[in-house]
Amino acid sequence: MTVYKALTIAGSDSGGGAGIQADLKTFQELGVFGMSAITAVTAQNTLGVQGVYPLSAEAVAAQIESVATDLGADAVKTGMLFSAEIIRTVAEQVKKHQWERVVVDPVMIAKGGAPLLQEEAVAALKEALLPLALVITPNIPEAEALTGVAIRTMDDRREAARLLHRMGARYVVVKGGHDDEGEETVDLLYNGSEFSYFKSKRIDTRHTHGTGCTFAAAVAAELAKGRHPVDAVGTAKAFVQSAIAHPLGIGHGHGPTNHWAYRQYGE
Ligand SMILES: Nc1ncnc2c1ncn2[C@@H]1O[C@H](COP(=O)(O)OP(=O)(O)O)[C@@H](O)[C@H]1O
Ligand SMILES: Cc1ncc(COP(=O)(O)OP(=O)(O)O)c(N)n1
């Protein structure tokens with residue numbers, strides 16, 4: 001039996017909806033063995049982020065080395081990286097282990113407004129990590145912060161995607177969850193020459209905590225199995241749609257998505 005393996009390098013969400021926890025659940029649901037290197041511990045629940053406790057860059061590097069030198073990884077996903085120092089360490093590790101199937105989810109701010117990346121670390125993300133990404137998955141505010149383009153229209157999104165591709169990411173997905181106009185959510189994908197659009201019915205719900213992590217983790221899981229990035233994005237869109245459409249209804253705020261919905265109910 002071939003065992004496909006994916007490594008997530010991200011923050012821990014004690015509430016289980018986002019971060020490392022969302023990534024590992026998604027890997028498992030898509031039939032991929034999940035491994036983790038934790039960058040920061042957050043005290044977090046459906047009401048917000050109550051605390052952020054970063055690990056040292058040395059601790060992050062040690063976790064990655066442990067995975068790389070024994071188990072290996074077919075794909076790698078990065079999420080909350082918190083500081084420029086951790087970003088540079090992760091970039092060095094990606095290069096050292098010659099990982100190519102790398103998904104960079106440039107996590108900056110939680111939906112409730114809590115910062116998960118220091119402001120001065122945005123430059124390091126652009127310079128050190130973005131050029132190593134096979135797929136980058138910013139939401140609209142993250143694409144704006146990385147490119148300086150104010151995104152109001154689909155044309156603006158295409159412009160931001162072109163710039164992100166020019167910075168070195170081979171496939172750019174500018175997700176549409178924050179564009180609350182229209183009946184559909186549209187994720188735009190750019191491969192350097194053409195655009196494709198992944199559309200689904202917009203679900204009217206407040207239970208969207210962790211959608212971005214779940215989406216990027218699903219892309220990484222599919223890449224780990226050897227899928228083409230475009231097919232991986234298609235599966236990720238269907239996975240997250242099902243996870244939002246079948247909410248668990250837990251917690252008192254913005255609840256987590258349902259990571260087993262895709263397996264249980266399909267798309
Ligand atoms: N209300 C919604 N209905 C359907 N899909 C959604 C909804 N909100 C977000 N999504 C999808 O969830 C994924 C994450 O989107 P987004 O909210 O833009 O990212 P983030 O969680 O990083 O802010 C995308 O595939 C997006 O299309
Ligand atoms: C530890 C941790 N990492 C990432 C996030 C952001 O997750 P995201 O999928 O963008 O979902 P929201 O926080 O925006 O609901 C996080 N919250 N915690």
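1. Thr 42 belongs to strand 2, residues 33–45; strands (E, at least two residues) and helices (H or I, at least four) are DSSP runs numbered from the N terminus. In this predicted model, local features need pLDDT of at least 70 and side-chain atom pairs count only at pLDDT 80 or more, whereas totals for chains, interfaces and linings use all residues. Residues are numbered from 1 along each chain as its sequence is written, chains are lettered from A and ligands numbered from 1 in the order in which they are written, and side-chain values use heavy atoms, with hydrogens and water left out.

2. Thr 42 counts as buried because its relative accessibility is 2%, where buried means under 20% relative accessible area, exposed over 50% and partly exposed in between (1.4 Å probe, protein chains only). A polar atom of the Thr 42 side chain lies 2.6 Å from the backbone oxygen of Ser 12. Apart from neighbours within four places in sequence, Thr 42 is in contact (heavy atoms within 4.5 Å) with Ser 12, Asp 13, Ser 14, Val 49, Gly 51, Val 52 and Met 80.

3. In helix 1 (residues 19–29), the buried residues are Gly 19, Ile 20, Ala 22, Asp 23, Thr 26, Phe 27 and Glu 29. Their cover includes strand 1 (5–13), strand 2, strand 4 (75–78), helix 7 (211–224), helix 8 (229–245) and helix 9 (261–265). After helix 1 comes Gly 31, with a positive phi near 80 degrees.

4. Phe 215 is a residue of helix 7 and is buried, its relative accessible area being 2%. Its C-alpha atom is separated by 6.7 Å from that of Lys 237, 22 residues apart along the chain. Leaving aside neighbours within four places in sequence, the contacts of Phe 215 include Lys 237 itself, together with Val 233, Ala 236 and Val 240, and also Thr 137, Val 173, Lys 175 and Asp 187.

5. As a whole, the protein chain has nine helices and nine strands. Its radius of gyration is 17 Å, close to the 18 Å given by the globule rule for 267 residues, so the chain is as compact as a globular protein of that length; the radius is taken over C-alpha atoms, and the rule is 2.2 Å times the number of residues to the power 0.38. The C-alpha trace spans about 45 × 40 × 40 Å along its principal axes.

6. Of the 267 residues, 55% count as buried. Among contacts between residues at least 6 apart in sequence, 67% join residues at least 24 apart.

Terms used. A polar contact is a pair of N or O atoms within 3.5 Å; within protein, one must be able to donate a hydrogen and the other to accept it, and residues adjacent in sequence count only if both atoms are side-chain atoms.
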